[in-house]
Amino acid sequence: MKFNKHIFFGLFSLSVMTSCQKLTEVNINPNEATTTHPQALLTKVEWDAFRTWHGTSPLYTLKMIVQTDGENANQIYNWQRGSFEQYGFLRNITKMTEEAEKIGAENYLALAKFFRAYYFYNLTLTFGDVPYSEAAKGESSAVFTPKYDAQKDVLVGLLKELEEANAILKKNNNTINGDIIYGGNSANWNKLVNSFRLKVLLTLSKKSADLPFNLAAEFAKIYSSESRITDVSGAEDGQLVFLNQDGNRYPEFNSSGYGSGMYMDSTFVQRLQDLKDPRLFVVATQTRLGKEAGKAINDFTAYEGGDPIVPYAQVNAKAVLGKLSKVHERFYQDPTAEPLVLLGCSEMQFILAEAILKGWITGDLNTAYAKGVQASFKFYEKYAKNVGSYTNESQAAQYLAQNTVKLDAVSSNEQKLERILMQKYLRSFHQGGYTAYFDHLRTGYPGLRKAANVKTAYRWMYPQDEYNNNTANVSDAIKSQFGGNDNINLQTWWLK
């Protein structure tokens, strides 16, 4: 049978066009939303952000734990490349922003600004210059190789975002649905935002002459006119509380690492012993020999750590003899353990104490310092099950009365600063990620023991993926900052 091929192809083309139109219509599910309320994204955003910098790596860096079955790069300050994993989390924040803008849900916009600021603050302190102004724009603007912004511009930019978040939250007191941190309380979110603003400003203390605003005046303005975290009980702390449910348990629950080659660092144990600090009893176990000798939990001689700068085999030999303390069992046996605190009253009070010492604000230095300690003790009293009584209010008062602890026992500002930073550090076991390390880089306190041949690590090298996929921009960033040498021992702008 013969047919006209032109008519066939004409009919075929019409059929394809009609079929494509019908397929398009079929593929649009009228029962499936193409948009979502930002509250559906907020829970995931919060869950990711509050857990991102948690883990054992900072504990090695801060001389709190040691490894006995292998060499740990963080323990000897020999890490290499960092991760840009956080940029993946920014995608959810970008989507939450877009959905909030569609329906005018301003409080969600404010929280998106806060979480952006939180991620970029940590990213820029980790690496130096990072993609900021063009970051997370792959879907909206097809920017797949974002430029790197100068660290100064990143930090100034995120302060602007935090200022905008504060302005929104001040005028909107609507309940924030989907919020697993404050149960929707926008006033508490406003306190966290402003507290974080003060934290960022203090981080910039070495760069006061190189900023487009007066650093001390900006800090004082926020301190005097904006709400912030003040409740020593922890009721206002920005913290993620865990539940004994699948997918909601403490990150270290059932961790095998704690049962093997991980022990307490002698640096941390010795500091707690020297200060007769009962927080030792809630973060560490007695040595095996201490237990066998029947020593009481609050006997400081029942605890001992491993030397972080000797070969790990030597530390392991000491562990085999039963002379080393391990991380307290509650961290890996208790599914709810303790909340992860992004920023709370204890850290806030030490930030204020340092600002008072610098003369940025007026206030009672001793009171701020004492509240910082009291809030740390209160946290453990509340959450360290079975051992919380060792850090009750009475214990905190006795601790603060010691000449080795109270500020009035030293005279110079430098000595006072050292004590403030030491207490800020002691409260940070499994809390705050690398915050205490960044404080060490900025102030020199607390001192962190290194072998004679070990150099200070100021940053992490950029990820290999950036070399592979964003070659020109990462190369320009390395050249502008370090003359072309992507090195962990080179300082970035905020420290110079």
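In this predicted model, helix α5 (residues 106–127) packs against helix α7 (residues 151–171), their axes lying 8 Å apart and meeting at an angle of about 155°. Because angles over 145 degrees count as roughly antiparallel, α5 is roughly antiparallel to α7. The crossing of the two helices, α5 and α7, is left-handed. On the α5 side, the contact is made by E106, N107, L109, A110, K113, F114, R116, A117, F120, Y121, T124 and L125. Helix α7 contributes Q151, V154, L155, L158, E161, L162, E164, A165, I168, L169 and K171.

Across the whole structure, a search finds 40 aromatic pairs. One of them joins Y118 and Y119, whose ring centres are 5.8 Å apart and whose planes stand at 55°, so this pair is tilted. Both Y118 and Y119 are buried. Another pair, Y434 with W460, is edge-to-face, with 5.0 Å from centre to centre and 70° between the planes. Here the pair links distant parts of the chain, 26 residues apart: Y434 sits in the loop between α18 (413–426) and α19 (435–443), while W460 belongs to the loop between α19 and α20 (464–469). Y434 and W460 are likewise both buried.

Some aromatic residues also gather into a group. One aromatic cluster is formed by F50, W53, F89, F114, F115, Y118, Y119, Y121, Y182, W189 and F196. Among these cluster members, F114 and Y121 also take part in the contact of α5 with α7.

Technical notes: Residues numbered from 1 in each chain as written. Predicted model: local features only at pLDDT ≥ 70, side-chain atom pairs only at ≥ 80, totals over all residues. Heavy atoms only, no water. Axes fitted to C-alpha atoms, helices over the stretch in contact; angles between N-to-C directions. Helix = DSSP H or I, 4+ residues; strand = E, 2+ residues; numbered from the N terminus. Parallel < 35°, antiparallel > 145°, perpendicular 65-115°, else oblique. Left-handed = near helix turned anticlockwise from the far one by under 90°. Contact = heavy atoms within 4.5 Å. Phe/Tyr/Trp six-rings, centres within 6.5 Å; stacked < 30°, edge-to-face > 60°. Buried < 20%, exposed > 50% of the residue type's maximum accessible area, 1.4 Å probe, protein only.
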